[in-house]
Amino acid sequence: MSELLKITGLRVSAEDKEILHGVDLTINEGETHVIMGPNGAGKSTLGAAIMGSPEYAITGGSIVFDDNDITEETPDKRAKHGIFLSFQNPIEIPGITLSSFLRSAYEQITGERIKLFEFKKKLGAAMDILQLDKSYADRELNVGFSGGEKKKAEILQLLVLRPKLAILDETDSGLDVDAVKTVSAGIKAYKEQTGGSLLIITHNTKILEALIVDKTHIIADGKLAAEGGAELIDEVAEHGFENYTG
Amino acid sequence: MKEKTQVADINRSLYDFRYDEDESSFLDSGITPGIIREISAEKGDPEWMTEFRLHSLEIYNRLKMPDWGPDISGLNMDNIVAYIRPKKGMQSDWNEVPDDIKETFEKLGIPQAERESLAGVGAQYDSELVYHNVRKEVAESGVVYTDLESAMHDERYAEMIRSHFMKLVPPTDHKFAALHGAVWSGGSFVYVPAGVKLEIPLQSYFRLNAKGAGQFEHTLIIVEDNAYLHFIEGCSAPKYYEASLHAGCVELYVGNNSTLRYSTIENWSKNMYNLNTKRATVGEGGKVEWVSGSFGSHVSYLYPMSILNGRGARAEFTGITFAGEGQNLDTGAKIVHNAPETSSYMNTRSISKSGGISTFRSAVTINENAVGSKSAVSCESLMLDSISRSDTIPSMVVKTDKADVGHEARIGRISDEAVFYLMSRGLDENAAKALIVSGFADNVSKELPLEYAVEMNNLINLEMKGSIG
């Protein structure tokens, strides 16, 4: 299995304060990785840094994706290489419908024009998986969506854009039991339809029940504190993070 | 209309092309009684109009330059050419319009728009209308759409013009209204008889081609009772290095239970001083709807005013302003509630980038007699970088306690987080920002006539391209 993402010695700062102090992480094609860790450990920072958020500065190390060094690249280039980040707090963009936005994103990423009819078909199929009412396609992007609807809309984008690597940042937070089920069905569908890789940042083990996890990483205080297989998830569920924090 | 990020680039030369003028067609620059008499004679004014012009000039000389808004010291009135003789008289057959002028309007898409979606078209080139045409069935309904000069000489309308011309905007209003009274030329006269509802719009397009010139067109629209009209006005000019001046005047008379929708897209070149005055009076149960897009010009002073004179009269103002590098656009709207149960709504968006300044002034007056009136003002501004400026200056004078008044203003910068969000989905920085700006403007741009909404999105994309990197 070949390497898809290779992060080496990554140091990341926000406003001159270092948050990640040298993180290594390798994800192979088709693998599902989980990142867990206490609040403020730097989990979301890692996800945002892989996507290229301007909020964070990379001060050391490198990120290689699909044989491209993307450490210095802008987020749109990273998206075109096949990276997707599902936001913890998706942004509301007034005046643009979900459907028209997603269609332009699709065309940008694939570099191909898509006929409206064909696009609607793809979008409709993805909406069915997520049990999203079709009227959401014509609503303004995330505007007035509930927390759960925003998360579903992120997974909807994931299903339509079909990236090679999907980073899901706390996609399950704030969701009720039914919504967690729907969202994890969406994630499973992504996996089945594309064979893509996943990097799931979470507090919650429920979202992982439907998935086969290859590796688990625990981040504490800006460093990798432990690595293991799926069994690590159960351990954390039982004991929390007390063994990993200083 | 939803594919906002996919709008193809347009070439700015769409507006920047120009034709050389034969200098002999210019009257001398500057404004003197001699020049005024010359313009008046050239145009064959009736005697009262010659007097009106000379009287306006006296007022002009008496009044001071405005000192409360953007700097207009770059405007040297002695260098402005107030009138340019037309090459040929006004035509109603497109084929008869001189070639270079015809080509200008064809590039701007005017004859095409007429064929497709308009009831009538007027095209003004420099000082005079060069083309005018109204569909037969529209003319048969009694609607009059012509230039003011012809109407003034037509005995059916002469008295109507005399009793309405610059009565809403008197020359004493301000210095540039006085200037307009003295040197006005061209523009439109529209008369909609009682009971006539014109479903498709009338349009006029103003094009200032000559350098260092002034355009002073006058638009006078009278809509009688129980009628409907949508009037569209577009303006553009090529870029010269000399300052040009636009001091037009629009007077709208809206009858009882009538609606007049007045849409403007102004895209003057960025050396233009746009000092335009627009005003409407609305009768009982009538409504005026202003839709206004301001993109061009170096400096603009533009505050369309609605005077609600009849019980239940309404005014709606929807506006968007986009101020880029070197632009200071001072826009807004004024509403006077002068009868009971009148209502007004103002909804505006302003965008500034690359050091552009946009200022929004709203002035709402509710008089003692306007009991049971309502007014709501909502204005939002978006600054695309830290060197641009946006100000909101609201004024409300409420003289009765039986009125409902609301004001809401929001000023913000484009959010880095939103740009990152869109970029993470494959849009480059320009496209992400353009999408946010189009979305911000959407509420307003969907009010614009379709071809102008497309043009506006083109402009936004074009402006965004220049603004980053």
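Strands β9(A) and β10(A) form a hairpin with 2 residues between them, and A:D221 in the turn has a positive phi of about 50 degrees. This is a predicted model, in which local features need pLDDT of at least 70 and side-chain atom pairs count only at pLDDT 80 or more, while totals for chains, interfaces and linings use all residues. Residues are numbered from 1 along each chain as its sequence is written, and chains are lettered from A and ligands numbered from 1 in the order in which they are written. Helices (H or I, at least four residues) and strands (E, at least two) are DSSP runs, numbered from the N terminus.

**The sheet of chain A**

Two strands pair if DSSP finds at least two bridges between them.

| Strand pair | Bridges | Direction |
|---|---|---|
| β3(A) (residues 32-36) and β9(A) | 4 bridges | parallel |
| β3(A) and β8(A) (residues 197-201) | 4 bridges | parallel |
| β9(A) and β10(A) (residues 223-228) | 5 bridges | antiparallel |

A:I218 in β9(A) stands opposite A:M36, and the bridge partner of A:I218 in β10(A) is A:A226. A:V34 stands opposite A:I200 in β8(A). Strand β9(A) (residues 215-220) is mostly covered, with 5 of its 6 residues buried. A residue is buried if 20 or more other C-beta atoms lie within 10 Å of its own, exposed if 12 or fewer, and partly exposed in between, with C-beta atoms placed from the backbone.

Axes are lines fitted to C-alpha atoms, for helices over the stretch in contact, and angles run from 0 to 180 degrees between N-to-C directions.

**Chain B and its helix pair**

Chain B has 12 helices and 22 strands. Of its 469 residues, 57% count as buried. Residues 24 or more positions apart account for 82% of the contacts in chain B with a separation of 6 or more. Two residues are in contact if their C-beta atoms, placed from the backbone, lie within 7 Å.

How do α2(B) and α3(B) cross, and at what angle? The axes of α2(B) (residues 33-43) and α3(B) (residues 47-62) come within 10 Å and cross at roughly 155 degrees. The two helices are therefore roughly antiparallel to each other, a term for angles over 145 degrees, with under 35 being roughly parallel, 65 to 115 roughly perpendicular and the rest oblique. The contact is made by B:P33, B:I36 and B:S40 of α2(B) and by B:M49, B:T50, B:R53, B:L54 and B:L57 of α3(B). By class, this contact has 5 nonpolar, 2 polar and 1 charged residues. Ala, Val, Leu, Ile, Met, Phe, Trp, Tyr, Cys and Pro count as nonpolar, Asp, Glu, Lys and Arg as charged, and the others, Gly among them, as polar.

**Contact between the chains**

In chain A, 22 residues are in contact with 24 residues of chain B. The elements giving two or more residues to the chain A side are α2 (75-81) and α3 (98-110) of chain A. The largest share of that side, 5 residues, comes from α3(A). By class, the chain A side has 12 nonpolar, 8 polar and 2 charged residues.
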